[in-house]
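Dear colleague,

Please find the structure below, together with its sequence. My notes on what was found in it follow.

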Amino acid sequence: MFTDWTEALEAEALPLDPNPAQQLAAAARVTARSSRDKDDMALLLDVLGLPTDTDTLTALLPLIPETGDAPMPNTPATPALSAHEAMAISMHNNGDTEQAIREATGLSETELSDLIANQVLGLPRPAADAPANDVPVAPVAPLAVSNEIQELLDWAAAHPATSVRSRAARITADLSELTDRRDSEAAQREAEEKVAKARAELEKAQEELRTVKAGTRTTTAAATAPTPIRSGLGSGRTREELAAIRTWARANGHQVADAGMVRKAVLEAYDAAHQAPVRKAG
């Protein structure tokens, strides 16, 4: 409890409603903190019906937030918010209802929801919202998705707001790209499996071919082995007979070696000479 009632009496003497000038000054400061530069601040103040004289703008310049580093050259510039959109964002940040924001800015329900979603989620804003019939959206091939998702995409594709139709087209394109990639990877895996199976069959066939070739070489080597020379050098005669033939051949003027094969002519002459007496006797 208060022990000094002076402070309590002074507090009771304060007006319950703030001064309109104080309200205007507070609104101007809030607007300046939400502005990007001096021109944007002057435009917002003018839309809100706040003073835009030189002294007011000069006093509010220090409240404009720093712009930070300059954007990179390759970074695409985001379309600037209009005065009504900036006002809608400011009122939304202050906790005003959507109905009050629409009444104050003239934005439709769809435009306001898209604006808030883009600011909260950090999505890129479209360059401009044109009438539904002026900006056609390229049709995208239907995808094999669930009925609920397909109905949602169909609803968004037929929406009167260009931003909603554009978002539906982007989502459909992303789903189509993911589907193509999944099918491509599945086809690649199937081809790799076929190649691995064919390689295994080829290795098996090569092993069988090597086995067959090894068996053929063994059979050929056995078939081409040299035949041992029989005694008598193919004549079918004994060593004693051959010795007698050589003795007879030398006696009758034939030249024969002491060893080895006896010529066929010598053998025939020997047989003819020894068979003649038999025929004469007969």
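In these notes, a residue is called buried when its relative accessible area is under 20%, exposed when it is over 50%, and partly exposed in between (1.4 Å probe, protein chains only). Helices (H or I, at least four residues) are DSSP runs, numbered from the N terminus.

The model is predicted; local features need pLDDT of at least 70, side-chain atom pairs count only at pLDDT 80 or more, and totals for chains, interfaces and linings use all residues. Residues are numbered from 1 along each chain as its sequence is written, and side-chain values use heavy atoms, with hydrogens and water left out.

Confidence. pLDDT is the predictor's confidence in each residue, from 0 to 100. Its mean over the chain is 75, with 71% of the residues at 70 or more. Among the elements, helix α1 (residues 5-13) has the lowest mean, 70, and helix α10 (residues 239-251) the highest, 87. Over residues 68-77 the pLDDT is below 50, and this stretch has 0 contacts (heavy atoms within 4.5 Å) beyond near neighbours in sequence.

Helix α3. The buried residues of α3 (residues 38-47) are Asp40, Met41, Leu44 and Leu45. Seen down the helix axis, they fall within an arc of 135 degrees (taken from the directions from the axis to the C-beta atoms), so they line one face of α3. The face turned away from this buried side carries the exposed residues Asp39 and Asp46. The cover over the buried residues of α3 includes α2 (20-33), α4 (54-60) and α5 (83-93). At the start of α3, a side-chain oxygen of Asp37 comes to within 3.4 Å of the backbone nitrogen of Asp39. Just after α3, Gly49 has a positive phi of about 75 degrees.

Helix α2. Ala28, Thr31 and Ala32 are buried in α2. Their arc about the axis of α2 is within 100 degrees, so they too line one face of the helix. Both α3 and α4 are included in what covers them.

Nonpolar cores. A nonpolar core is a set of buried Ala, Val, Leu, Ile, Met, Phe, Trp, Tyr and Cys residues joined through side-chain atoms within 4.5 Å. The largest has 10 residues, including Leu81, Met87, Ile101 and Leu112. Helices α5 and α7 (109-121) each supply at least two of its residues, and α5 gives the most, with 4. Apart from this core lies another, of 9 residues, among them Leu242, Ile245, Leu267 and Tyr270.

With kind regards

Key:
Polar contact = N/O pair within 3.5 Å; in protein donor to acceptor, adjacent residues only side chain to side chain.
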